[in-house]
Amino acid sequence: MFMNGIQQHAAVGYKYWSPAETMPHKEMKKLQLARLREQINYLWEKSPFYRQKWEESNFCPALLRTLDDINRIPILHKEEIRLSQEQDPPYGMMSVPGRGPFIRIGMTSGTTGEPVIIPFTEEDYFGVYCAGAARAVWAAGIRKEDVVHAAFGFTPFLGLAAAYDCCEHLIGSLVIPGGIWSSLMRLTMIRKLGITVLMGTPTYLLHLAKVAEENGIDARTLGIKTILTAGEPGKMSIPNTGVRLEEAWGARIFDYCGTQETHYLAWLCDENVGHINEDLAYCEVLDPETDEPVPPGESGKLVVTDLISKTHPCIRFETGDLVKGIEAGATCACGRTLSVMKGFMGRVGDIIKIRGVCVSVAGIENVIRGISECSDSYEYIASKTEGGMDKITVRVEPKYDVDSGQWDDLRKKIAQKLQLSFMVNMDVELLAPGTLPVYELKAKRFRDNRPPITDTGEVSTKAAEKATARV
Ligand SMILES: [Zn+2]
């Protein structure tokens, strides 16, 4: 079945979910340009929001002759969406006038302000959002015969829920929710119901394996074959998180990422390469300061254009994520030709530059999870020294079985590895196991305790007090 030109179901025994996955690169570029033009013309006609935004920037569809002309279109910021929803509740510009009926809404987590609400018609949800997820699920080897457990609470955060819906409605697996189950209940049910696939955030699934260990259960004996993670940077972005999950569960680890406003953007194949759904979403990597494209393969901020959805298409949406880079034009050993996402570095606000070096969640987590004595819990805090220099303190919990007599050596070891990785000295504090919070969705690892700078360049005492009070 085809919907919006997207294949819904892979034939039985077929290696790829969609023919787009192996499309020659040149053909893909042509398809992207055709879809981009169609999308822009459609919004010019149907969306007063975009018409006004583009006219104010002197952009009109006739200016779009090549894919590179996309940079003539103004960037869309999350704040604009939020403002439009305040002025025209509940959906604002996230619904092109006349679209509906809606069968589902998505909602951003609201970590950077009021949540944005995203409505889906059946066509946009199953035909686009879930179809994009289906490629990730299929590439992870999840099939009809699998028993899939959603190890997360159901909320309007769709990142994991759409993969679940995809297993239920597109793949046809037996799917088992369990939002309010305790970790122990989940472990019992995994065994009892013959669950073979777990979906969840890397942080929670590592925690679940730890609960198993504390209760004398070896998670590797529970029969989990495949783990699919999302919601925060996983194996694609932090290889050592993948290693830990694999060791804890004895399963194959897959990971996908995206934004709720746009699509399932990228997912791991069995060659451990992140492929981008580039026929559905056009990704640009831009210099965060100049908004100019970075050279191919280099890091920068991710800007995404939805080429397909008709209800809430985001055009040149600034995701707020920094990525390690995108590489195009090669064929992966798995046979796919889709461009490659090298991984996410974290949210723009979670990355700080200290003495010229970018320190990101992904970078710190990769170091911590590469040290066997460290548990999975950590956080890092930016603050100022008495002399006014930026400093970073990394707080880590050792594993329960690490004797406190070994803590000082461990602290030095962590500091040394961080120094080697970032070429910057960081303070390391060890905390008693169980001190830091456990997160099911979207772990908050970074706090910025540096006092804000006023327009005159001076530190505002009131703002500094407020910043401290927030913590
Ligand atoms: Zn591949």
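Me: Is T226 buried or exposed?

Reply: Good place to start, and keep in mind that this is a predicted model. The general idea is to count neighbours: a residue is called buried if 20 or more other C-beta atoms lie within 10 Å of its own. T226 has 20 other C-beta atoms within 10 Å, so T226 is buried. You will find T226 in strand β8, which covers residues 226–229.

Me: Which residues does T226 touch, leaving out those up to four places away in sequence?

Reply: T226 touches A140, G141, I142, T196, V197, A251, R252 and F254. Take A251 from that list: T226 and A251 are 25 residues apart in sequence, yet their C-alpha atoms are 5.2 Å apart in space.

Me: How do I read the two sides of a helix? Which residues of α6 are buried?

Reply: Look along the helix axis and see in which directions the buried residues point. In α6 (residues 183–193), the buried ones are R186, L187 and I190. These residues cover an arc of only 100° around the axis, so they sit on the same side of α6. M185 and K192 are exposed, on the other side of the helix.

Me: What do the buried residues of α6 pack against?

Reply: They pack against β5 (147–150) and α7 (202–214). Now look at the residue just after α6: G194 has a positive phi of about 65°.

Me: How should I describe the way α6 and α7 cross? At what angle do their axes cross?

Reply: For a pair of helices, read the distance between the axes together with the angle. The axes of α6 and α7 come within 10 Å and cross at roughly 85°. Angles of 65 to 115 degrees count as roughly perpendicular, and therefore α6 is roughly perpendicular to α7. In this contact, S183, L184, R186 and L187 of α6 meet L208, V211 and A212 of α7. The residues of the contact divide into 5 nonpolar, 1 polar and 1 charged.

Me: At what angle do α4 and α5 pack?

Reply: Helix α5 covers residues 158–171, and it packs with α4 at an angle of about 90°, with the axes 9 Å apart. That makes α4 roughly perpendicular to α5. On the α4 side, the contact includes F126, Y129 and C130, and on the α5 side, A162, A163 and D165 are among the residues taking part. By type, the contact of α4 with α5 divides into 13 nonpolar, 1 polar and 1 charged.

Me: How many residues are in the largest nonpolar core?

Reply: It has 121 residues, and those with the most contacts inside this core are A133, A136, V137, A163, M199 and I227. Helix α4 (residues 122–139) gives the most to this core, with 12 residues.

Me: What about the backbone? Which residues does a cis peptide bond join?

Reply: Check omega for each peptide bond. A cis peptide bond joins P89 and P90, with omega about 0°. P90 is in the loop between α3 (78–87) and β3 (102–107). Another cis peptide bond joins G100 and P101, where omega is about -5°. P101 is also placed in the loop between α3 and β3.

Me: And phi? Which residue other than glycine has a positive phi near 60°?

Reply: That is M423, found in the loop between α10 (407–422) and β22 (427–430). M423 has 10 other C-beta atoms within 10 Å, so M423 is exposed. N272 is not a glycine either, and its phi is positive at about 65°. N272 is in the loop between β10 (264–268) and β11 (274–276). Because N272 has 16 C-beta neighbours inside 10 Å, N272 counts as partly exposed.

Technical notes: Residues numbered from 1 in each chain as written. Predicted model: local features only at pLDDT ≥ 70, side-chain atom pairs only at ≥ 80, totals over all residues. Buried ≥ 20, exposed ≤ 12 C-beta atoms within 10 Å, placed from the backbone. Helix = DSSP H or I, 4+ residues; strand = E, 2+ residues; numbered from the N terminus. Arc of directions from axis to C-beta. Contact = placed C-beta atoms within 7 Å. Axes fitted to C-alpha atoms, helices over the stretch in contact; angles between N-to-C directions. Parallel < 35°, antiparallel > 145°, perpendicular 65-115°, else oblique. Nonpolar A, V, L, I, M, F, W, Y, C, P; charged D, E, K, R; others polar. Core = buried A, V, L, I, M, F, W, Y, C linked by C-beta atoms within 7 Å.
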